Amino acid sequence: MKKLLEVKQLTMDFGGLRAVDRVSMEICEGEIVALIGPNGAGKTTFFNCVTGIYKPSFGEVLLHPPQGKAVKINGFKPNRVTGIGMARTFQNIRLFPAMTVLENVMIGRHCRTTTNILGAVLRGAGSRRQERETVEMSYHLLEKVGLQGFANEFARNLPYGAQRRLEIARAMATEPFLLLLDEPAAGMNPQETHDLDELIVRIRDEEKIAILLIEHDMKLVMNISDRIYVMEYGKEIAKGTPQEIRTNPKVIEAYLGEEAHA
Ligand SMILES: Nc1ncnc2c1ncn2[C@@H]1O[C@H](COP(=O)(O)OP(=O)(O)OP(=O)(O)O)[C@@H](O)[C@H]1O
């Protein structure tokens, strides 16, 4: 399997606190990989370092686009990282609440369009064509996540679970080869979580997008992940298949506890 993301010895210090301590990770084409661990383990900090929100203190982050050469992305700004093909969603939903559902997806498309401000003002044929394509693609993505009926609704009026799916559609609009989801099931009811489970697998299978997700819902994680990494106090304490992780004594002690026997 071809490698897409390669993280080597990633370390992030906040003053005297080492939030991520020499964590390495590889994600390959066709994989769904989960990153789990107790609160404060460093999972979101790891995402923030990998996606350019923080510049890591040490270590390397390499992206291997399916077509093209490997790129070392340490210190790249988030929009540049997205442009190379890694998109993400956030633990706290970051939509534009006063824009429509469709417009929120169209914004995600922005990094793949070439129309500049002058083009938009003059609205030449090229710019109009691009706008039409953006609208069509955005509708198509709303269909994929089951939100086509809400295209003209304000994002703020969507139920919580639907807002999370809209964030996923917006990230997909950037045409990523790798999608990072930070607690996508947080706040969802069991039915919404079940639908999300299916959606993530479909994105992997139909769109050929690999997935890395942080998630506390162990049923979801164990159901859909090919591999799991476990962090505690900034360090990787285990990695393996769901079956290996479920029965790993270190992981049970640090995180899974009684859930492991569920
Ligand atoms: N910007 C920051 N400045 C200082 N400390 C931070 C910063 N961001 C995170 N931390 C600290 O780094 C540690 C790891 O936090 P992080 O949010 O990455 O954990 P997490 O595993 O994602 O937790 P959760 O599951 O609760 O989201 C925590 O001790 C946190 O307080």
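Start by colouring the chain by domain: the assignment gives domain 1 as 1-85 + 178-262 and domain 2 as 94-175. Keep in mind that you're looking at a predicted model.

Next, go to where the domains touch. Here 10 residues of domain 1 make contact with 9 residues of domain 2. On the domain 1 side, select α2 (78-84) and α7 (190-207), the elements that each give two or more residues to the side touching domain 2. Colour that side by residue class and you'll get 4 nonpolar, 4 polar and 2 charged residues.

While α2 is on screen, pick I84, which belongs to that helix. Is I84 buried, exposed or partly exposed? Count the other C-beta atoms within 10 Å and you reach 17, so I84 is partly exposed, given that buried takes 20 or more and exposed 12 or fewer. Now show its contacts: beyond the neighbours within four places in sequence, I84 touches L63, P65, V71 and I73. For a sense of scale, draw a distance from I84 to E136: they are 52 residues apart along the chain, and their C-alpha atoms are separated by 23 Å.

Now for the greasy part. The largest nonpolar core has 67 residues, and A169, L178, L179, I211 and V230 have the most contacts inside it. Where does this core lie relative to the two domains? Between them, because domain 1 and domain 2 both give residues to it. Zoom in on A169 and, again skipping neighbours within four places in sequence, you'll find contacts with V105, L141, L142, K144, V145 and L147.

Last stop: the ligand. Select F14, L17, A19, G37, N39, G40, A41, G42, K43, T44 and T45 to bring up the residues around the ligand. Switch to cartoon and look for β2 (17-28) and α1 (43-50), each of which supplies at least two residues of this shell. Which element gives the largest share? That's α1, with 3 residues.

Conventions
Residues are numbered from 1 along each chain as its sequence is written. This is a predicted model: local features need pLDDT of at least 70, side-chain atom pairs count only at pLDDT 80 or more; totals for chains, interfaces and linings use all residues. A residue is near a molecule or strand if its C-beta atom, placed from the backbone, lies within 6 Å of it. Helices (H or I, at least four residues) and strands (E, at least two) are DSSP runs, numbered from the N terminus. Domain bounds come from an automatic or database domain assignment. Two residues are in contact if their C-beta atoms, placed from the backbone, lie within 7 Å. Ala, Val, Leu, Ile, Met, Phe, Trp, Tyr, Cys and Pro count as nonpolar, Asp, Glu, Lys and Arg as charged, and the others, Gly among them, as polar. A nonpolar core is a set of buried Ala, Val, Leu, Ile, Met, Phe, Trp, Tyr and Cys residues joined through C-beta atoms within 7 Å.
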